[in-house]
Amino acid sequence: MSFVTLVGNPREGSRTRTVAEHAAELVAGRLGYVGERDVIDLAGLAPRLLDPQPPAEVREALERVVAAKVLLVASPTYKATYTGLLKVFLDRLKPEALAGVTALPILVMGDPKHSLAVETHLRPLLVELGAAVPTPGLALLESDIAAPEEVLGRWADRVAPQIALTEGVTV
């Protein structure tokens with residue numbers, strides 16, 4: 001199984017990336033997955049994402065996403081949804097490109113009134129691309145970032161068994 005984390009924050013070294021890597025670590029641990037985990041931070045690819053012909057680094061990132069068995073997709077919440085950067089990247093994928101991929105959506109947000117965005121915006125995008133999204137997405141408040149263990153731990157406890165069922169893994 002390959003485990004890829006895709007970060008849609010336009011800032012390198014973002015809190016979103018920190019949260020995403022921590023969430024991936026917890027989920028992988030609960031699955032007993034000890035393989036390498038790949039992180040694709042779109043901040044570094046941003047200047048080239050709109051090139052008419054995607055450069056090699058963009059093509060390689062797209063290939064790694066499509067090849068994932070588990071894809072954790074994290075974005076900050078901008079204007080009550082995921083970032084345009086994430087959308088531009090995912091728009092490069094062909095229809096059904098994520099068939100066979102189990103996706104885990106996470107949105108980091110400042111206001112709890114945006115908590116449904118992960119289910120009403122990010123989940124449908126991943127499903128449209130063919131991904132299986134068997135778990136509830138995570139809406140993580142910025143106020144929980146300082147000590148995310150409780151929120152991320154509860155979420156990982158909830159999603160790992162569902163991923164295991166989808167991927168045929170024993171937890």
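Student: Which residues of α4 are buried?

Tutor: This is a predicted model, in which local features need pLDDT of at least 70, side-chain atom pairs count only at pLDDT 80 or more, and totals for chains, interfaces and linings use all residues. Residues are numbered from 1 along each chain as its sequence is written, and side-chain values use heavy atoms, with hydrogens and water left out. Buried means under 20% relative accessible area (1.4 Å probe, protein chains only). In α4, the buried residues are Ala 117, Val 118, Leu 122, Arg 123, Leu 125 and Leu 126.

Student: Where do they lie around the axis of α4?

Tutor: An α-helix has 3.6 residues a turn, so residues three or four places apart point the same way. In α4, the buried residues cover an arc of only 155° around the axis, which puts them on the same side of the helix. The arc is taken from the directions from the helix axis to the C-beta atoms.

Student: What covers the buried residues of α4?

Tutor: The cover includes β3 (70-76), α3 (84-90), β4 (102-109) and β5 (138-141). Helices (H or I, at least four residues) and strands (E, at least two) are DSSP runs, numbered from the N terminus.

Student: Is Asn 9 buried or exposed?

Tutor: Asn 9 counts as buried because its relative accessibility is 5%. Its place is in the loop between β1 (3-7) and α1 (15-31).

Student: Which side chain does that of Asn 9 join in a polar contact of 3.1 Å?

Tutor: A polar contact is a pair of N or O atoms within 3.5 Å; within protein, one must be able to donate a hydrogen and the other to accept it, and residues adjacent in sequence count only if both atoms are side-chain atoms. The partner here is the side chain of Thr 16.

Terms used
Buried means under 20% relative accessible area, exposed over 50%, partly exposed in between (1.4 Å probe, protein chains only). Contact means heavy atoms within 4.5 Å.
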